[in-house]
Amino acid sequence: MRQPQDVGQQKVGRDKPIPISVIVPTRNEAANLSRCLESLRSFGEVYVIDSQSEDATVEIARSCHAKVVQFFYKGGWPKKRQWAIDNVPLAYDWVLLIDADEALTPELAAEIDRVCTDVNVDGYYVKLQMFFLNRPLRFSGASFWKMSLFRRGKGAYECRLKEQDASMADMEVHEHVLINGPTARLRNPLIHHNVESLSRYIQKHNEYSNWEAKVWVNDEKQSGLSPSLFGIQAQRRRWLKKQFLGVPGSPILFFLYKYLFCLGFLDGIPGFLYCAYQGIQFFNIKAKIYELRVNASRDAA
């Protein structure tokens, strides 16, 4: 079985730290955080934005010389990452957003070191190389690009829903960073360990489905990126999901789309499980949309 690339201590061909401020949001991420922070040792500063973790997350962060800031979510907007962008005293002009279950390869760190000197680009998309149950997913519709590196003051998260609470997670779910300026793509991928514990995966996605159901119920009030077949990847994915939401039996169809049309069967058992959980997540979203509408009708009566 192929293992993730080595993302331990690395040198990127320079004596000085990479002049970038890194933000890592956490909540009970002791199982992942060491791997993530080891891959960031070449960067000028790393902030771990923690949500009162009950495991060893804070101790691990401090042992890796990261700066720990506690975030207390009280509902509404902004959530954790945008709050950190707005309130943490970042030292550098560039910001890198990375989750605790992600890690840079030495090649990606070296590429970031090079591109941050380009005055003609204000933001960079990075491609995720997803590992699910310790296996890389090559198919399954699991290829994502996200805006992770951008010039400070040029990027901010879209707000798709202002009325939020802790049941919808305290961190941005499927909001995206919007850049006011030219963007480009990085060549090297970011390693994303999507799940190593299925129970934790299910717990997190329960919160995500709470948020997503509320978003789609309030579809007409949304701002930010609109669903579009001819937009960027995030807009195309929203357009596709919107089409599926209106179709009877769409959770099963969504699973078949991922498993057959996107060739998820070529990813073995992890691919099957990933596609199945995607269909289950779709079912949970539709069920919670129905629940929200029933409750709204009852309250209006």
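**Note on a predicted model: salt bridges, cores and a surface patch**

1. Asp122 and Arg151 form a salt bridge, with 2.9 Å between the closest N and O atoms. Asp122 sits in the loop between α4 (106-115) and β6, while Arg151 belongs to strand β8 (residues 144-151), so the pair ties together parts that are 29 residues apart in sequence. Both partners, Asp122 and Arg151, are buried. Bear in mind that this is a predicted model.

2. Compare Arg298 and Asp299. They too form a salt bridge, and here the closest N and O atoms are 3.5 Å apart. Are these two residues buried or exposed? Both Arg298 and Asp299 are exposed.

3. Some salt bridges share partners. Arg81, Asp99, Glu102, Lys146 and Glu172 are joined in this way into one network. The search of the whole structure gives 14 salt bridges.

4. Glu38 pairs with Arg41 in another salt bridge, the closest N and O atoms lying 2.8 Å apart. Arg41 has 37% relative accessibility, so it counts as partly exposed.

5. Helix α1 spans residues 30-38, and its buried residues are Asn32, Leu33, Cys36 and Leu37. Why do they fall on the same side of α1? They cover an arc of only 120 degrees around the axis, which puts them there. The cover over the buried residues of α1 includes strands β1 (18-26), β2 (43-50) and β5 (102-103), along with helix α2 (57-63).

6. Helix α4 is mostly covered, with seven of its 10 residues buried. The buried residues of α4 are Leu108, Ala109, Ala110, Glu111, Ile112, Asp113 and Val115. What do the buried residues of α4 pack against? Their partners are β1, β2, β4 (94-97), β6, β8 and β12 (190-195).

7. Next, the nonpolar interior. In soluble globular proteins, nonpolar side chains tend to be buried together. In this model, the largest nonpolar core has 44 residues. Within this core, Ile20, Val24, Leu37, Leu40, Phe43 and Leu104 have the most contacts. Which strand gives the most to this core? Strand β6 (residues 123-132) does, with five residues. A second core is separate and has 16 residues, including Ile49, Ile85, Phe150 and Val177. Leu37, named above for α1, is both a buried residue of that helix and one of the residues with the most contacts inside the largest core.

8. The surface also carries nonpolar side chains. Phe139, Val247, Ile252, Leu253, Leu256, Leu260, Leu263, Phe265 and Leu266 make up a nonpolar patch there. Together they have about 730 Å² of accessible area.

9. Leu253 is part of helix α7 (residues 250-261). With 37% relative accessibility, Leu253 counts as partly exposed. Val247 is in the loop between α6 (233-245) and α7. Its relative accessibility is 32%, so Val247 is also counted as partly exposed. What does Val247 touch, leaving aside residues up to four places away in sequence? Val247 touches Leu253 and Lys286.

Conventions. Residues numbered from 1 in each chain as written. Predicted model: local features only at pLDDT ≥ 70, side-chain atom pairs only at ≥ 80, totals over all residues. Heavy atoms only, no water. Patch = residues over 30% accessible without salt bridge, like charges linked within 9 Å, V, L, I, M, F, W, Y side chains within 5 Å. Areas by Shrake-Rupley, 256 points an atom, 1.4 Å probe, with all protein chains shown as cover. Salt bridge = Lys/Arg side-chain N within 4 Å of Asp/Glu carboxyl O. Helix = DSSP H or I, 4+ residues; strand = E, 2+ residues; numbered from the N terminus. Buried < 20%, exposed > 50% of the residue type's maximum accessible area, 1.4 Å probe, protein only. Core = buried A, V, L, I, M, F, W, Y, C linked by side-chain atoms within 4.5 Å. Contact = heavy atoms within 4.5 Å. Arc of directions from axis to C-beta.
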